[in-house]
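I opened the notebook with one plan.

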Amino acid sequence: MAKRITIDPITRIEGHLRIDCEIEGGKVTNAWSSGQMWRGIELILQGRDPREAWIFAQRICGV
Amino acid sequence: MTTDDFKGIKARLGDISRRDFMRYCSIMAGALGLSTGLAPRIAQAIADPKRRPPVIWLHGQECTGCTETLLRPSHPSLDSLILDIISLDYHETLCAGAGQQAEASLAQSMRENAGKYVLIIEGAIPVKDNGIYCKIGGKTFLSLVEEVAAQAGAIIAIGSCAAWGGIPSAHPNPTGATSAPEVLKGKTVVTLPGCPPNPYNLLSTVVHVLSFGKLPKLDSLGRPTFAYGRLIHENCERRPHFDAGRFAEKFGDEGHRLGYCLYKLGCKGPVTHANCPEIQFNDLGGGTWPVGTGHPCFGCAEKGVGFTIPMFTQVEVLSPTPFARQAPIIPERPVPVSPITAALAGGALGLAIGASAVALRKLKDSPDDPDHPVKED
Ligand code: SF4
């Protein structure tokens with residue numbers, strides 16, 4: 001029977017990351033990573049003056 | 001402060017002399033709008049490690065730029081000073097443990113310091129669809145903020161996202177991003193807007209609490225008045241150009257190169273409250289803030305301005321001062337009266353200037369400078 005381990009939050013990174021692993025016989029057999037935060041910057045950028053796109057895109061990650 | 005007290009600080013902050021430390025405390029008193037006579041009290045508060053307030057730092061819809069600004073100052077000891085005067089019990093970017101360990105340290109700090117800890121919120125709080133757009137350890141950020149705030153002794157919203165919604169709340173606000181004061185209605189939330197905020201404003205707020213046992217004076221939006229009491233336009237180093245009517249009209253034009261006022265390029269300094277021109281950024285000396293580098297302020301700290309009014313749109317000036325007239329960038333010459341003589345004289349003048357410019361270039365024996373073309377009019 002596979003065992004499932006979830007690590008959430010992953011620390012010392014920027015953002016909200018979650019890792020799920022499936023373990024069988026002491027080995028990782030499957031794993032998923034998922035971003036746990038969404039702001040929709042793609043949608044926010046639509047229809048804006050392209051000359052100011054950078055002030056939004058630059059702030060996707062501040063690290 | 002006695003020499004013995006200082007020895008303790010020196011051991012913790014590294015290479016800093018007593019004189020520098022006291023000067024630092026005087027500057028801080030000044031930045032807080034207090035008499036420098038209160039510097040010893042501030043020094044004492046920083047020196048006394050018994051009073052380190054436990055801090056829980058939560059991350060919502062953010063880019064971690066607020067945390068970075070705190071960790072990246074080049075001036076020695078700002079980050080060590082902050083991390084030294086507070087006890088940072090939970091911070092996802094700086095935690096040693098992850099997953100359950102991190103969650104356990106959060107729960108432990110909340111239990112042990114109930115009613116005493118300082119909650120610092122970085123990032124907006126998405127409320128749409130029951131808050132599913134930001135989750136930590138399986139909980140929504142919305143529920144986490146409400147839970148941690150319920151037992152906090154003080155709450156600080158750092159950065160524009162937490163203070164008023166910031167980028168994630170920009171139109172069409174896909175996730176219902178909401179500020180901390182709006183989510184925590186009825187509670188006092190100190191807001192330190194800015195994208196990024198200035199780390200000195202956080203430091204000064206914390207030091208004020210340590211030194212005087214209470215929050216600094218806040219305006220109706222929760223902003224400390226020592227930092228947000230004035231418009232950028234009121235303290236801008238380019239203000240004399242504004243008052244004299246000297247403006248950069250285009251990026252890269254003569255007025256822009258000469259450091260003229262950036263109002264016509266869309267500067268939002270006239271409607272944005274912040275102390276950027278006074279304390280600037282990164283301790284790198286004069287000019288390290290947007291206007292200082294030649295870019296108009298885009299109003300990141302002010303709700304309804306940053307990420308809202310387009311960057312190159314001119315704003316109404318809230319505090320205009322009259323100026324006599326708009327001075328041209330190239331000073332005008334007296335113009336002859338009759339149109340015919342004017343045309344002739346203009347031509348002759350143009351030739352004369354052209355000729356002397358050529359002579360000058362020959363004399364200097366230098367290649368033409370495309371960035372500084374000689375005006376031939
Ligand atoms: S408009 Fe902007 S650049 Fe000009 S004086 Fe005001 S704040 Fe400074």
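**Backbone entries**

I found Pro196(B) in the loop between β9 (189–192) and α10 (199–212) of chain B; helices (H or I, at least four residues) and strands (E, at least two) are DSSP runs, numbered from the N terminus. The peptide bond from Cys195(B) to Pro196(B) is cis, with omega near 5°.

This is a predicted model: local features need pLDDT of at least 70, side-chain atom pairs count only at pLDDT 80 or more, and totals for chains, interfaces and linings use all residues. Residues are numbered from 1 along each chain as its sequence is written, chains are lettered from A and ligands numbered from 1 in the order written, and side-chain values use heavy atoms, without hydrogens and water.

I looked up chain A next. A cis peptide bond joins Asp8(A) and Pro9(A), with omega about 5°. Pro9(A) sits in the loop between β1 (3–7) and β2 (17–24) of chain A.

Then I checked Thr64(B). Its phi is near 70°, a positive value in a residue other than glycine. Is Thr64(B) buried or exposed? Thr64(B) is buried, at 1% relative accessible area (buried is under 20%, exposed over 50%, partly exposed in between; 1.4 Å probe, protein chains only).

**Contact entries**

I turned to the contact (heavy atoms within 4.5 Å). It takes 40 residues from chain B and 30 residues from chain A.
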